2 protein chains.
Amino acid sequence: MPTTTKPLKLYSYWRSSAAYRVRIAINLKDLACQIVPVSLVADGGEQHSAAYRAINPQELVPTLVDGERVIRQSLAIIEYLDEMYPQTLQLLPAEPRARARVRALALAVACDIHPLNNTRVLKYLETEMGVPQAEREAWIRHWIALGLGAIEELIADDVVAGAFCHGDAPTMADAVLIPQIYNARRWGLDLGAFPTLTRIEAACLALDAFERARPERQADAPGS
Amino acid sequence: MPTTTKPLKLYSYWRSSAAYRVRIAINLKDLACQIVPVSLVADGGEQHSAAYRAINPQELVPTLVDGERVIRQSLAIIEYLDEMYPQTLQLLPAEPRARARVRALALAVACDIHPLNNTRVLKYLETEMGVPQAEREAWIRHWIALGLGAIEELIADDVVAGAFCHGDAPTMADAVLIPQIYNARRWGLDLGAFPTLTRIEAACLALDAFERARPERQADAPGS
């Protein structure tokens, strides 16, 4: 295991898909990391506490602490880890076009699907707009289906895609895709239209790094 | 002007804030680029046309074409340009912690504000959920105010911030922030609570690279 200057600490919530991405990346890079749970449901959300706000004014998980450094935003954290600890698996390829492809796949989830289905957004739809549960669930499935459909097409058409999103080793794109597919299943989306993505999901879930990052495997998951 | 192998081509819409980000980056890097307008309003949206779908299955702008290469997602495009054409201003700093800071600021806009106020999302709220105009505008202002508030705090508290988001030269963070402030003004948000951000905005808009990228300066803007 590569030595970090001081132990890494990740503020995480078991079901947060942004935190799940970073847990996968940390495992893929074989880094030692202490997971600090931040409950998004207890006491109206611990992410709104003064203690957590002090390290993350956005009141969102995850946050990474590496010694004196505080790193926010899941994709920025993953790229930071890749740059700081290059001794193990690289989560971004070396060539600019390939890097752009991996980033674009990750951003297609992180910008165009996930933010619309975040806890805070669903809460706003419910409490501020009075949108009923069934319509909120239709909203969730709409954005996931639209986004995964485009990503399926991008990957299926591309000769670069191999066992994983980009070639035959997992990258940042897989670390971001798998939590989104987990969410799709959680909300009952039919995944039949995404054969390439479910094939990649199976390849990822067979790896210990992905298995250990699963929400249900976290210490703060109910019943764990 | 640095020589690119073949001329760059950017599929853009004058008022798309994701396209505006990339226009700023291209100008800051002093790259020659042909702007190809894609109207998000004409004919039900030219981004849905078969011709555009062939290069961008997400049916979103912008898309960059660099010779044979097609690059999607605004932040991936900006990082690609920075890596491919390092001869001019670097839009990301060199040190990993600094890079993470610039990326986190950009992602705080690109993931946590902008996707919620996208044309397609506002359209869904209107047509699928019947949310009235006043409530849609309250929704827009809510997410912008929440997001800019956190970014104001992150920048104001950080000794690294200088004339711009990160030090005394513009970076990717400024290229992403300025279009979001433009949107905030468009929707009538009071910017009094964001003195650091408006100071940075003034510094940016004084630069020709930002001025030429402004929506109203584009060939496809109404009345231009």
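Let me begin with helix 3 of chain A, where the buried residues are Ser74(A), Leu75(A), Ala76(A), Ile77(A), Ile78(A), Glu79(A), Tyr80(A), Leu81(A), Asp82(A) and Met84(A). Please bear in mind throughout that this is a predicted model. Helix 3 of chain A is thus mostly covered, with 10 of its 11 residues buried.

What covers the buried residues of this helix? Within chain A, the cover includes helix 1 (17–28), strand 3 (63–66), strand 4 (69–72), helix 4 (96–110) and helix 7 (172–186). Helix 4 of chain B also takes part in covering them.

Helix 3 of chain A, residues 74–84, packs against helix 4 of chain B, residues 96–110, at an angle of about 165°, and their axes are 9 Å apart. Because angles over 145 degrees count as roughly antiparallel, that is the description that applies to helix 3 of chain A and helix 4 of chain B. The crossing of helix 3 of chain A with helix 4 of chain B is right-handed.

Which residues make the contact? From helix 3 of chain A come Leu75(A), Ala76(A), Glu79(A), Tyr80(A), Glu83(A) and Met84(A). Helix 4 of chain B contributes Pro96(B), Arg99(B), Ala100(B), Arg103(B), Ala104(B) and Leu107(B). Sorted by class, this contact between the two helices holds 8 nonpolar and 4 charged residues, and no polar ones.

I turn now to the contact between the chains as a whole. Chain A and chain B each put 32 residues into the contact. On the side of chain A that touches chain B, strand 4, helix 3, helix 4 and helix 6 (133–156) each supply at least two residues. Helix 4 of chain A gives the most to that side, with 9 residues. By class, the residues on this side of chain A comprise 20 nonpolar, 2 polar and 10 charged.

Finally, the chain itself. Chain A contains 9 helices and 4 strands, and from the N terminus its elements run β-α-β-α-β-β-α-α-α-α-α-α-α. The radius of gyration of chain A is 17 Å, close to the 17 Å that the globule rule gives for 224 residues, so chain A is as compact as a globular protein of that length. Of the 224 residues in chain A, 48% are buried. Among contacts in chain A with a separation of 6 or more, 71% are between residues 24 or more positions apart.

Conventions: Residues numbered from 1 in each chain as written. Chains lettered and ligands numbered in written order. Predicted model: local features only at pLDDT ≥ 70, side-chain atom pairs only at ≥ 80, totals over all residues. Axes fitted to C-alpha atoms, helices over the stretch in contact; angles between N-to-C directions. Parallel < 35°, antiparallel > 145°, perpendicular 65-115°, else oblique. Left-handed = near helix turned anticlockwise from the far one by under 90°. Contact = placed C-beta atoms within 7 Å. Nonpolar A, V, L, I, M, F, W, Y, C, P; charged D, E, K, R; others polar. Rg over C-alpha atoms; globule rule 2.2 N^0.38 Å. Buried ≥ 20, exposed ≤ 12 C-beta atoms within 10 Å, placed from the backbone.
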